[in-house]
Amino acid sequence: MLQGLEPENHEDGLPHVLYAGKLHREFGLDILAEAIPLVKTPCIFDIYGDGNYKETLSQLAGKQGNVKLHGIVPLRRVLEAELGASVLINPRTSAGEFTKYSFPSKTMEYLASGRPVVGYKLDGFPEEYDAHIQYVPDNSVEALRDKIIEVCEMTQQQRDYIGQQARKLILEEKN
């Protein structure tokens, strides 16, 4: 899926934190929206998708100069943006019985990109993912903020290493 794609280039020199998917409150977009203004480390939040939380995120983008709401775009563009991001984020928490049975397809896509992934440990995740996801330790807004800052403040070399180890897991051990 990622073969032949070129990473999106960011000339601003800032870390880019990317979310791509349904913009639904129940997928943790409310927690992400609360965390973004608390992140004081210079970075850009690129958000792709549409859903029931789009209006709130639009308002946030209007207030925060570092939030870019891209809407629905072709899959190729999303994948190139993922490849060019500094951090990929999945703000879905384990609140809800369905997370025990959810297949982590979005997480697999993120890990395959070779970029660090920030997210919550969902009940349905296999243990072998644990070493490759930058888990948020609890469901608080502050914990999400802190994890975003932590990964954004890593060197590019550190982020590349984390991402490549995760990519290796997906390509060599998953199908």
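A cavity is a set of grid points where a 1.4 Å probe fits but cannot get out. In this predicted model, 1 cavity of 30 Å³ or more is present. The space within the largest cavity amounts to about 50 Å³. Its lining is formed by Asn90, Arg92, Thr107, Val117, Val118, Gly119, Tyr120, Leu122, Phe125 and Ile133. By residue class, this lining comprises 6 nonpolar, 3 polar and 1 charged. Strand 5 (residues 117-119) makes the greatest contribution to the lining of the largest cavity, supplying 3 residues.

The largest nonpolar core contains 53 residues, and Tyr19, Tyr129, Leu144 and Ile148 have the most contacts inside it. Helix 5 (residues 141-152) provides the largest share of this core, with 7 residues. When residues up to four places away in sequence are not counted, Tyr19 touches Phe27, Leu29, Leu32, Asp46, Ile47, Tyr48, Ile89, Pro91 and Tyr110.

Ile47, listed among the residues touched by Tyr19, is also in contact with Leu69. Leu69 belongs to strand 3 (residues 67-71). With a relative accessible area of 26%, Leu69 is classed as partly exposed, because this class lies between the limits of under 20% for buried and over 50% for exposed. Apart from neighbours within four places in sequence, the contacts of Leu69 are Leu23, Ile47, Lys54, Leu57 and Ser58. Between Leu69 and Val87, the separation is 18 residues in sequence and 16 Å in space, taken from C-alpha to C-alpha.

Note on methods: Residues numbered from 1 in each chain as written. Predicted model: local features only at pLDDT ≥ 70, side-chain atom pairs only at ≥ 80, totals over all residues. Heavy atoms only, no water. 1 Å grid on protein atoms, 1.4 Å probe; cavity = no way out; pocket = protein on both sides within 12 Å on 5 of 7 lines; lining within 4 Å. Points joined across faces, edges and corners; volume = space filled by probe spheres on them. Helix = DSSP H or I, 4+ residues; strand = E, 2+ residues; numbered from the N terminus. Nonpolar A, V, L, I, M, F, W, Y, C, P; charged D, E, K, R; others polar. Buried < 20%, exposed > 50% of the residue type's maximum accessible area, 1.4 Å probe, protein only. Contact = heavy atoms within 4.5 Å. Core = buried A, V, L, I, M, F, W, Y, C linked by side-chain atoms within 4.5 Å.
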